[in-house]
Amino acid sequence: MTQSLKYRLKFYFNFVQIFCELFRQVLYDWGRFRKFSSYAISIFYLQSNGRVQTSYQLLALIQADAHKIEKALAITNPRPGFGVAVVKRLIANVLEYYQRFAFNSRLEIAYAVLQKYEEFNSLHNSLDQELEDSINNLEKEIIELKNLKTQAAGIIEFTKQEYLDKTKIDLEEFFMNRYSMRQFSDQKVDLKDLQKAIYLASKTPSVCNRQCYHAFVANGKEKASSVLTYQLGNRGFGDQVDSVITVTADLSCFFSSSERNQAWIDGGLYAMSLIYALHSLGIASCPLNWSVNPKRDLALKDASGIPHSHSIIMMIACGHIKDEFTVAKSKRKPMEELCTIMDKPLPKCSL
Ligand SMILES: Cc1cc2nc3c(=O)[nH]c(=O)nc-3n(C[C@H](O)[C@H](O)[C@H](O)COP(=O)(O)O)c2cc1C
């Protein structure tokens, strides 16, 4: 066999191997979304009626509907009597949740939203009697809601000045001086600081406020380095890392096939907030990729107890800053490569 034929055969063999690997990984993603999301519930108009399998899936339906009503109340002129079907479905899903899985704080949010809905429609004489009875009945069915004067939902009134007053901080200095850190001091990171960062990052927007994200914290060098043995991009600095936060997003939060990529978006946004929150607390960090094959993904989940319904978004290596250190410059693209300005309006969407 000639050298060039050998080379060509090797090339095609590698190509087929890479193609099959891609296919296998796409199947892995597809299978996970199919198994852990409740995508089929859309056939039943998002009403569970005992169909969804896990408490997380049902909570996602409840959160999404509560949010639909809450945001409709926050527009300039809400339409009196809006959303009857959504309200009915929300009540049914809330009752089902309580009967199947007991109380959860998200039920309080849903109930608070329903109370605001009731208030708004009573004011406009647009409250359906049957609906009013069903909302009031929730207090009888769910004892934890009894006499609860909840402030867990609704709208917040602002003046422009009040809103703007809270934005007067110099973010340019803050943003432009964050670097991915690959050198850390020996000082231990306090778990309380990590929790503070997690709390701050929880203000990250997420689809329907479903908050699919979660942080798995390995605080302290011993635990951190054990987690890092699963990650492939920390060579040369992993031993200096004090803590590792593994950011995940739970696929149980999603109930439509068009949301198949939403976990990556919500989880990615959350991870960025977390990095900035850590930066604001003086904790240096380095995002670490989780671009791995299914075998490695499963290995980490099995070893760490991260539920299989969670997609791992990335890890964040954390540590304190050394007195003197270096970082990679990682220069950004110029403005003309960063954005494209639309020069005319689009034709109206006809889909
Ligand atoms: C999702 C993600 C994964 C990353 N993975 C790694 C990694 O495995 N190892 C590493 O050293 N840096 C990693 N980085 C850091 C990037 O190299 C770094 O963010 C980029 O070069 C920009 O530099 P800066 O963060 O200092 O501004 C990752 C960043 C992101 C956003």
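**From a loop to the ligand site**

Tutor: Glu259 is placed in the loop that runs between strand E2 (243-250) and helix H10 (262-280), where helices (H or I, at least four residues) and strands (E, at least two) are DSSP runs numbered from the N terminus. This is a predicted model, in which local features need pLDDT of at least 70 and side-chain atom pairs count only at pLDDT 80 or more, while totals for chains, interfaces and linings use all residues. Residues are numbered from 1 along each chain as its sequence is written, and side-chain values use heavy atoms, with hydrogens and water left out.

Glu259 counts as buried because its relative accessibility is 10%; buried means under 20% relative accessible area, exposed over 50%, and partly exposed in between, with a 1.4 Å probe and protein chains only. The side chains of Glu259 and Arg210 are joined by a polar contact of 2.6 Å, the term standing for a pair of N or O atoms within 3.5 Å; within protein, one must be able to donate a hydrogen and the other to accept it, and residues adjacent in sequence count only if both atoms are side-chain atoms.

Asn209 lies in the loop between helix H8 (191-201) and strand E1 (213-219). Although Asn209 is not a glycine, its phi is positive, at about 55°, and Asn209 is partly exposed, with a relative accessible area of 29%. Cys208 is 145 residues from Gln63 in sequence, yet their C-alpha atoms are 7.1 Å apart in space. Gln63 belongs to helix H2 (residues 55-73) and, with a relative accessible area of 3%, is buried.

Turning to the ligand, 14 residues surround it, and the closest are Ser180, Arg182, Gly233, Asn289 and Arg332; to be near the ligand, a residue needs a heavy atom within 4 Å of it. Strand E3 (residues 284-289) supplies the largest share of this shell, four residues. Sorted by class, the shell holds six nonpolar, five polar and three charged residues, where Ala, Val, Leu, Ile, Met, Phe, Trp, Tyr, Cys and Pro count as nonpolar, Asp, Glu, Lys and Arg as charged, and the others, Gly among them, as polar.

Asn289 takes part through its backbone, an N or O atom of which lies 2.8 Å from a nitrogen atom of the ligand. Taken alone the ligand exposes 620 Å², and the protein buries 67% of that, with areas from the Shrake-Rupley method and a 1.4 Å probe.

Arg178, Ser180, Arg182 and Arg332 are also among the residues that line the second largest pocket, as are Phe175, Tyr276 and Lys329. A pocket here is an open set of points on a 1 Å grid over the protein atoms alone, where a 1.4 Å probe fits, with protein on both sides within 12 Å along at least five of seven lines, and lining residues have an atom within 4 Å of a point. Five nonpolar, two polar and five charged residues make up this lining.
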